[in-house]
Protein chains: 2
Amino acid sequence: MTKSPSEPGSDVTTTSRRKFMTSTLAGGMAMTGVGRASAQQKPGSAAVANPKNLPPNVPDWSKVLGDGVAAHPYGKPSKFEKHVVRRDVEWLTASRESSVNFTPLHELDGIITPNGLCFERHHGGAAEIKPLDYRLMIHGLVNKPLIFTLDDLKRFPRTNRIHFLECAANSGMEWRGAQLNGCQFTHGMVHNVMYTAVPLKALLEEAGVKPNGKWLLAEGADAAGMTRSIPLDKALNDCLIAFKMNGEALRTEQGYPVRLVVPGWEGNMWVKWLRRIEVGDQPWHTHEETSKYTSLMSDGRARRFSFIMDAKSVVTNPSPEAPLLAKGRNVLSGLAWSGRGKVTRVDVTMDGGRNWQEARIDGLVLDKSLTRFYVDFDWQGQELVIQSRAHDETGYVQPTKNELRKVRGVNNIYHNNGIQTWLVRSNGETENVEIS
Amino acid sequence: MTKSPSEPGSDVTTTSRRKFMTSTLAGGMAMTGVGRASAQQKPGSAAVANPKNLPPNVPDWSKVLGDGVAAHPYGKPSKFEKHVVRRDVEWLTASRESSVNFTPLHELDGIITPNGLCFERHHGGAAEIKPLDYRLMIHGLVNKPLIFTLDDLKRFPRTNRIHFLECAANSGMEWRGAQLNGCQFTHGMVHNVMYTAVPLKALLEEAGVKPNGKWLLAEGADAAGMTRSIPLDKALNDCLIAFKMNGEALRTEQGYPVRLVVPGWEGNMWVKWLRRIEVGDQPWHTHEETSKYTSLMSDGRARRFSFIMDAKSVVTNPSPEAPLLAKGRNVLSGLAWSGRGKVTRVDVTMDGGRNWQEARIDGLVLDKSLTRFYVDFDWQGQELVIQSRAHDETGYVQPTKNELRKVRGVNNIYHNNGIQTWLVRSNGETENVEIS
């Protein structure tokens with residue numbers, strides 16, 4: 001049995017159920033002929049439609065002028081979308097400043113995560129850096145130590161890349177079984193945006209890495225002084241110094257004004273508020289790579305420098321916060337990604353693994369990016385046991401949770417890319433479960 | 001001489017100049033060696049960096065905890081980015097409800113426009129529609145008239161497409177010469193997002209178009225009752241019924257909960273708050289396609305049904321609101337697009353057309369999408385006369401403004417895709433000019 005992610009203090013589960021019930025009423029009048037829609041309304045209920053607004057009537061909003069253009073110089077979502085927010089799980093972390101919130105994957109579609117909904121994870125709160133005071137220092141085993149202003153960085157040739165960022169602890173609570181009842185909470189520590197950035201290689205070439213330089217230390221300017229060691233090969237291959245996401249400046253909580261992008265590798269390495277890159281001949285073994293972000297194995301040893309995020313997928317709809325609303329035709333939707341390259345195929349089962357079908361991938365299929373998949377299906381109210389399984393271009397196939405546990409044990413919270421199972425009951429309600 | 005876009009009442013030009021001056025100070029210490037940066041600061045000026053925050057000092061933001069994760073469940077930009085907003089031109093339109101504001105192209109990069117910065121254009125304000133009361137009616141020359149709820153629409157197979165939307169009047173003030181001093185105002189009625197949508201074809205097949213059905217009327221539910229006639233062939237080919245942009249629900253001002261997407265065609269046809277599609281055997285000649293959105297030619301006749309947005313480009317940086325800040329290496333950046341398909345090449349001149357070079361296109365090159373280009377160059381303070389010229393996959397080449405005027409005259413405001421010229425003075429200030 002799964003726990004409510006919001007115990008104590010929040011109403012996530014309650015909200016989901018209430019939404020399910022009211023939405024089912026609305027779903028009951030699916031695609032009616034002209035003139036029949038209003039007959040199936042339930043007047044008097046705030047949750048259902050107002051018959052006065054339905055055809056053949058002229059709705060209220062056609063009779064009045066709406067907001068003019070200056071109302072929101074920086075726009076915000078519709079007031080009817082207030083439930084679409086990042087949410088946290090209060091009992092999961094001890095403080096607000098060293099905490100996490102989650103992307104509402106079940107409310108999104110396509111592959112772009114809007115900036116306002118990209119999950120946050122920081123260890124000392126989101127640093128607020130004055131852009132004119134921002135500096136990036138490159139030093140250590142280099143011929144010419146350098147300090148860059150933000151403007152300096154913007155003088156190097158730029159590139160634009162769409163990449164997913166996944167926290168190493170995403171799905172971490174699920175190692176010990178189905179824990180959190182909602183894909184926002186089980187899988188919501190991932191987002192996918194287009195970065196505008198300078199290749200780190202260009203800056204390292206400017207500084208001139210000495211022959212014995214093999215590793216970098218990336219350090220953040222936040223109160224936590226976040227530090228990670230990164231192999232030089234990776235840095236030269238595809239790491240980016242990013243200053244824009246989805247076209248605009250990085251958000252504060254994503255490292256404004258500059259963050260490191262380490263495509264396909266665990267999110268904590270994508271150092272935010274990047275202030276310093278030191279070149280050295282070996283890794284630093286900082287506390288972020290010893291006491292944290294290591295995986296304790298069953299035999300007592302710890303798995304370290306587990307950089308790559310292996311191929312993974314999740315069905316976002318239906319899911320516990322987004323139940324099935326009505327019988328008939330339905331769209332199953334989900335996301336797949338791989339830190340090793342492109343997703344090549346996603347399989348979906350609706351009967352707990354007896355039968356699998358290849359999902360329809362739609363939209364862009366990009367290297368180390370979220371990839372959207374769909375299964376269009378007809379539902380007659382039968383119970384469904386839904387799973388998805390991602391394949392990537394290296395031939396890697398997403399494992400089951402039990403297969404992962406056999407290799408890694410259950411003593412850690414990182415790198416759980418096991419297959420997720422949702423149980424859809426005959427009334428459409430959906431639950432996080434595990435099947436053996 | 002160009003007019004300030006903000007006369008009277010706003011401070012756009014003033015802000016740009018002030019920004020230019022302060023940024024130049026900051027630019028003066030470009031890429032200094034370690035330990036030398038702070039020496040070139042101007043202490044005491046609020047506009048320049050605070051030496052106490054510069055290396056080797058530990059900056060203020062490394063000493064305090066930042067905002068925790070619950071501060072902004074729906075995130076917003078950094079407080080240092082408050083100048084990055086949609087802006088309007090007060091003297092351009094008579095009322096706030098029938099008006100327009102402009103995307104700040106010079107502040108953006110990559111090809112995705114963040115939802116909060118997508119320009120707005122509406123004729124009766126932004127309608128506020130209750131999603132449960134939303135209905136889309138399809139009727140006229142069909143076998144089975146239908147009314148769809150929002151939930152009904154989400155049951156059809158979905159697709160994800162990135163497309164630009166450009167208002168037919170974008171650059172319209174420039175027909176009579178250089179008018180508005182900033183690319184936000186000359187070219188900012190364009191945006192580019194990923195839509196999640198149902199192909200209109202699927203809904204029309206459900207309704208069954210009769211053999212004599214050749215045109216559609218698309219009608220909005222706003223106070224203006226926006227209506228446009230669309231050829232059936234286009235509707236079946238690539239039109240979309242969109243309910244998400246960049247992953248989340250459409251914004252109110254972009255037609256929440258549902259808008260029509262008409263790839264490559266003029267923006268006013270992308271009917272927002274879509275309530276009705278009627279199938280007929282000929283166009284309707286609504287006032288939006290007779291008194292508006294037609295081009296008065298020099299001989300007194302009017303050009304109508306000018307659907308396609310021809311290939312166009314603009315250099316966004318440098319531009320009047322984003323001057324060059326310092327000599328040495330610089331990045332010229334711009335956008336190109338075509339309503340006929342993919343952009344295949346962009347040429348750039350910096351000497352008013354004597355020499356052209358092929359720009360570096362970076363990032364995704366997609367059908368009927370904004371495309372990002374760059375020229376990395378060294379600037380030694382010489383005056384520059386900058387232009388860009390887009391080519392598309394049909395072989396079409398963006399014309400000069402004078403070439404356009406010869407064919408279309410100067411009596412209209414629509415479909416100005418002529419080549420834009422920026423003059424960069426030796427101090428970096430940049431101006432909208434025309435050269436013959």
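Which elements of chain A cover the buried residues of H4(A)? Strand S3 (136–140), strand S4 (146–148), strand S6 (190–199), helix H5 (232–238) and strand S9 (240–245) of chain A are among what covers them.

## About the model

This is a predicted model, where local features need pLDDT of at least 70, side-chain atom pairs count only at pLDDT 80 or more, and totals for chains, interfaces and linings use all residues. Residues are numbered from 1 along each chain as its sequence is written, while chains are lettered from A and ligands numbered from 1 in the order in which they are written.

## Helix H4 of chain A

Let us look at that helix. Helices (H or I, at least four residues) and strands (E, at least two) are DSSP runs, numbered from the N terminus. Helix H4 of chain A spans residues 200–207, and its buried residues are A:Leu200, A:Leu203, A:Leu204 and A:Ala207. Buried here means that 20 or more other C-beta atoms, placed from the backbone, lie within 10 Å of the residue's own.

These residues sit on the same side of H4(A) because they cover an arc of only 100° around the axis; the arc is that of the directions from the helix axis to the C-beta atoms. An α-helix has 3.6 residues a turn, so residues three or four places apart point the same way. After H4(A) comes A:Gly208, with a positive phi near 80°.

## Two domains in chain A

Chain A is divided into domain 1 (115–303) and domain 2 (312–433), with bounds that come from an automatic or database domain assignment. Their C-alpha centres lie 28 Å apart. Domain 1 of chain A gives 27 residues to the contact and domain 2 of chain A gives 26 residues; two residues are in contact if their C-beta atoms, placed from the backbone, lie within 7 Å.

On the domain 1 side, strand S5 (159–166), helix H3 (183–187) and strand S13 (295–296) of chain A are the elements that give two or more residues. H3(A) gives the most, with four residues.

## Where the chains meet

The contact between the chains takes 105 residues from chain A and 105 residues from chain B.

## A hairpin in chain B

Strand S23 (residues 421–424) of chain B and S24(B) pair in the antiparallel sense over four bridges; strands pair if DSSP finds at least two bridges between them. Across the pair, B:Trp422 stands opposite B:Asn432. The two strands form a hairpin with five residues between them, and B:Gly428 in the turn has a positive phi of about 95°.

Note on methods: Buried ≥ 20, exposed ≤ 12 C-beta atoms within 10 Å, placed from the backbone.
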